[in-house]
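Some notes on this model follow, for use before any further calculation.

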Amino acid sequence: NSSREVREVLAVDLIACNNYKNGVNAVKKINCSTFFIFGELDKMIKIEKGKEFASLVANSKTHVIKNCGHMIVFESAFEMREKIAEFIK
């Protein structure tokens, strides 16, 4: 895809995320094991807000990846994979 197409798709996705208003109610209904991974340097989802959101899920676990931003799968894939494997066990 061209960079213009990628920007347009990303813009549509971000607008959809911004317009979704039921997240707090929806997350409270989760009743299975849930694992949140946050990037310490994430500028899109501030860590404090992420932890606050995660706290709404009963018995959830969180992990913060140091020196990592929003793109965890690209920035710190090995640590992410390791932590997910530990959680699944």
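1. The model is predicted. Five elements, namely α1 (3–19), α2 (23–27), β1 (35–39), α3 (47–54) and α4 (72–75), each contribute at least two residues to the lining of the largest pocket.

2. The space in this largest pocket comes to about 760 Å³. Its lining consists of 23 residues, and those closest to the pocket centre are M44, I45, K49, G50 and F53. Sorted by class, the lining has 13 nonpolar, 5 polar and 5 charged residues.

3. M44 and I45 also belong to a nonpolar surface patch, together with L10 and L14. The accessible area of these four residues is about 360 Å² together. L14 is part of helix α1. With a relative accessible area of 38%, L14 is partly exposed, because that class runs between the 20% limit for buried and the 50% limit for exposed.

4. Most residues other than glycine have a negative phi. N59 has a positive phi, near 60°, and is not a glycine. N59 sits in the loop between α3 and β2 (61–65). Its relative accessibility is 75%, so N59 counts as exposed.

5. N67 is another non-glycine residue with a positive phi, here about 50°. The loop that holds N67 runs between β2 and α4. Is N67 buried or exposed? At 64% relative accessibility, N67 is exposed, since the class begins over 50%.

Notes:
Residues are numbered from 1 along each chain as its sequence is written. This is a predicted model: local features need pLDDT of at least 70, side-chain atom pairs count only at pLDDT 80 or more; totals for chains, interfaces and linings use all residues. Side-chain values use heavy atoms; hydrogens and water are left out. On a 1 Å grid over the protein atoms alone, a cavity is a set of points where a 1.4 Å probe fits but cannot get out, and a pocket is an open set with protein on both sides within 12 Å along at least five of seven lines; lining residues have an atom within 4 Å of a point. Grid points are joined across faces, edges and corners, and a volume is the space filled by probe spheres set on the points. Helices (H or I, at least four residues) and strands (E, at least two) are DSSP runs, numbered from the N terminus. Ala, Val, Leu, Ile, Met, Phe, Trp, Tyr, Cys and Pro count as nonpolar, Asp, Glu, Lys and Arg as charged, and the others, Gly among them, as polar. Patches are made of residues with over 30% relative accessible area and no salt bridge: like charges are joined within 9 Å, nonpolar side chains (Val, Leu, Ile, Met, Phe, Trp, Tyr) within 5 Å. Accessible areas come from the Shrake-Rupley method with a 1.4 Å probe; for residues, only the protein chains shown count as cover. A salt bridge is a side-chain nitrogen of Lys or Arg within 4 Å of a carboxyl oxygen of Asp or Glu. Buried means under 20% relative accessible area, exposed over 50%, partly exposed in between (1.4 Å probe, protein chains only).
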